[in-house]
Amino acid sequence: MAKQPEDIKKEKAKAYWKENIKYLSILLVIWALVSYGAGILFKDELNTFRLGGFKLGFWFAQQGAMYVFVILIFIYVRIMNTLDKKYGYDE
């Protein structure tokens, strides 16, 4: 029996959200590693380097995590635009 258009839409939507969650999870892990890892866990190792006169661990805790977060937002927008086109939701 042939699939109905309704079934095809549901499968397409399910695949779209599965891929969306995958990308979102990856970006959130990157953000967590930068904000928590670089700013707290790896602070002592990073503090051996300097950026703009500040210890790198301090810089990530105060500035770097915010910059990375903004960059990740732009990356997410680009990924979602590509994903929308792939699944036909770019109308």
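A residue is called exposed when its relative accessible area is over 50%, and in this predicted model Asp 44 counts as exposed because its value is 54%. The legends below go through the close-up views one by one.

**View A. A salt bridge between Lys 43 and Asp 44.** The side chains of Lys 43 and Asp 44 meet here in a salt bridge, with 3.2 Å from N to O. While Asp 44 is exposed, Lys 43 is partly exposed, with a relative accessible area of 33%. Lys 43 is also one of the residues touched by Ala 38, when residues up to four places away in sequence are left out of the count.

View B. Lys 86 is exposed, with a relative accessible area of 54%, whereas Glu 19 is buried, with a value of 13%.

**View C. The largest nonpolar core.** Six residues make up this core, namely Val 34, Ala 38, Leu 46, Leu 56, Phe 60 and Ala 65. Helices α1 and α3 each supply at least two of its residues, and α3 gives the most, with three. Around Ala 38, the residues touched include Leu 46 and Phe 60, which are joined by Leu 33, Lys 43 and Gly 57, again not counting residues up to four places away in sequence.

**View D. Helix α3, its kink and its buried residues.** A kink of about 50° is found in α3, centred on Gln 63. Among the buried residues of this helix are Gly 64, Leu 72, Met 80, Leu 83, Asp 84 and Tyr 87, and the buried residues of α3 pack against α1, α2 (43–46), β1 (50–51) and β2 (54–55). Just after the helix, Gly 88 takes a positive phi of about 80°.

View E. Trp 17, Ile 21, Leu 24, Leu 28, Trp 31, Phe 69, Ile 73 and Val 77 make a nonpolar surface patch of about 720 Å². The elements that give two or more residues to the patch are α1 (5–41) and α3 (56–87), and the largest share, five residues, comes from α1. Leu 28, which has its place in helix α1, is partly exposed, with a relative accessible area of 45%.

Definitions and conventions
Residues numbered from 1 in each chain as written. Predicted model: local features only at pLDDT ≥ 70, side-chain atom pairs only at ≥ 80, totals over all residues. Heavy atoms only, no water. Patch = residues over 30% accessible without salt bridge, like charges linked within 9 Å, V, L, I, M, F, W, Y side chains within 5 Å. Areas by Shrake-Rupley, 256 points an atom, 1.4 Å probe, with all protein chains shown as cover. Salt bridge = Lys/Arg side-chain N within 4 Å of Asp/Glu carboxyl O. Helix = DSSP H or I, 4+ residues; strand = E, 2+ residues; numbered from the N terminus. Buried < 20%, exposed > 50% of the residue type's maximum accessible area, 1.4 Å probe, protein only. Core = buried A, V, L, I, M, F, W, Y, C linked by side-chain atoms within 4.5 Å. Contact = heavy atoms within 4.5 Å. Bend = angle between axes of the 7 residues up to and from the residue.
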